[in-house]
Amino acid sequence: MNYIDLHVHSTCSDGTFSPEELVNHAIEKELVAFAVTDHDTVLGVKRALAEAERLGNPIKVIPGVELSCEYELPDRKKEIHILGYGIDYDDEHLLKTLEDAANERDNRNRQMCERLANAGYPITYEELMEKFGNNIITRAHFAKLLVANGGVESIDKAFKTCLSPKSEFFVHRKYLTPGEGIELILSTGGIPVLAHPLLYKLSIEELNKLIVDLKDLGIQGIEAIYSRNHGGDEPFVKGLASKYGLFITGGSDFHGSNKPDIEIGVGCGNMRVPETILKNINY
C-alpha cells in the first residue's frame, strides 16, 4: 500500500525543513504525496512544487494552508485550526488576508517581546527578527530564542510558563473567525478540513457543537488520522465524521526538530495515512 501525509510544515512557518528539503525527505520516506500546510502562509507551496518538478515529479505535492481561527464558546474563546487543500495559492484575496494576519501577528510579537524583556527575559524583537524573520513567527520561535539565550530550560518549559496563553506575557491577537477561514478556503477552490479536533481539549458536548457549527459554515472533512492520537482516539473521530457526514483526512503535523518525536509519514511511529484518502480532497 502507498502512503501520504496531509499535514506538514516548512521553514515558511514553524518547521525546520525548507520546502525543498520537505520534498526530498518525503521521497526518502517513500511517500507518494504530501501537503504543504504552513500556518497562515502559502509561501512554501510554489517552492515545494518547483522542487518536485525539478526532480521529475516523483511525488505529488498538494497546495495547502493551516488557518488559525478563533471559535467562541459560551464561557471562553478557543483557537482552532482549519486546513485548506487544493487552494489557489496565487489568489489575491487569499494573499491579502494572509498578509493582514501576518501584520497582526507581527504587532503581537513586538508586544510580547517588550513584556518579556521588561520582566528580565533575554529576548528582543530585533533579535527575534534577525534569527527568524524569514518565517511566520510563532511561539515556537520565541521558545527557541529563549532557550538559546538561557532564559528557560527547554522549549516545553517555555510553552508551559512564559509563553502560555495564561501567562502575563502572552498577548492575544485578532484571529479569523471559523466562518471567515472556511469561506476563504472555499473562495479559492479549496477544501476546508478541521485539523486535530482532539487537541482543543473540548468536552464531548462542546466538540459535537463545534463540528455542527463548522458543518453549517461549510467544513467538509475532519482530520481523524493524527500523530497525537492514543487508544480509541482515531475510531472516535471517525465516528464523529460518520455522524456528521464528513470525510476524513490524516497527517503527522511534521515540524522537523521543533517536534522531534514526530516524523513525516509515520508521526510518532505507527501512524499511516493510505493513499486512498486523496480522493476525499479530489486528488
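How many salt bridges does the structure hold? The structure holds 16 of them, where a salt bridge is a side-chain nitrogen of Lys or Arg within 4 Å of a carboxyl oxygen of Asp or Glu.

Hi everyone, a word on ground rules. This is a predicted model, in which local features need pLDDT of at least 70, side-chain atom pairs count only at pLDDT 80 or more, and totals for chains, interfaces and linings use all residues. Residues are numbered from 1 along each chain as its sequence is written, and side-chain values use heavy atoms, with hydrogens and water left out.

Let's start with the overall picture. The protein has nine helices and eight strands; these are DSSP runs numbered from the N terminus, with helices (H or I) of at least four residues and strands (E) of at least two. The C-alpha trace spans about 55 × 50 × 40 Å along its principal axes. For 283 residues, a compact globule would have a radius of gyration near 19 Å, and the protein agrees with that at 18 Å. That radius is taken over C-alpha atoms, and the globule rule is 2.2 Å times the number of residues to the power 0.38. Of the 283 residues, 52% count as buried, where buried means under 20% relative accessible area, exposed means over 50%, and partly exposed is in between (1.4 Å probe, protein chains only).

Now please look at the sheet. Eight strands form an open sheet with mixed pairing, in the order S7-S6-S5-S4-S3-S2-S1-S8; two strands pair if DSSP finds at least two bridges between them. At the edges are strand S7 (247–251) and strand S8 (273–274), each of which pairs on one side only. Strand S5 (residues 191–194) and strand S6 (residues 221–226) run parallel and are joined by two bridges. Leu194, for example, has Ile222 in S6 as its bridge partner.

Which strands does helix H2 touch? Helix H2 (residues 43–54) packs on the sheet against strand S2 (33–36) and S3, and its direction makes about 160° with that of S3. Here a contact means heavy atoms within 4.5 Å. The axes are lines fitted to C-alpha atoms, for helices over the stretch in contact, and angles run from 0 to 180 degrees between N-to-C directions. Helix H9 (residues 233–244) lies across S6 and S7, at about 165° to S6.

Back to the charges. Side chains of opposite charge can pair when their charged atoms come close. Arg76 does this with Glu206, the closest N and O atoms being 3.0 Å apart. That pair links distant parts of the chain, 130 residues apart: Arg76 is in the loop between strand S3 (60–72) and strand S4 (77–85), and Glu206 is in helix H8 (residues 204–217). Arg76 counts as partly exposed, at 29% relative accessibility.

Others sit within one helix. Asp156 and Lys160 form a salt bridge of 3.2 Å, N to O. They are separated by about one helical turn, because they are four residues apart in helix H6 (residues 155–160). Lys160 is exposed at 62%, while Asp156 is partly exposed at 47%.

Lys209 is partly exposed, with a relative accessible area of 44%.

Finally, please find Asp40, Arg105 and Arg173, which are linked in a network of salt bridges.
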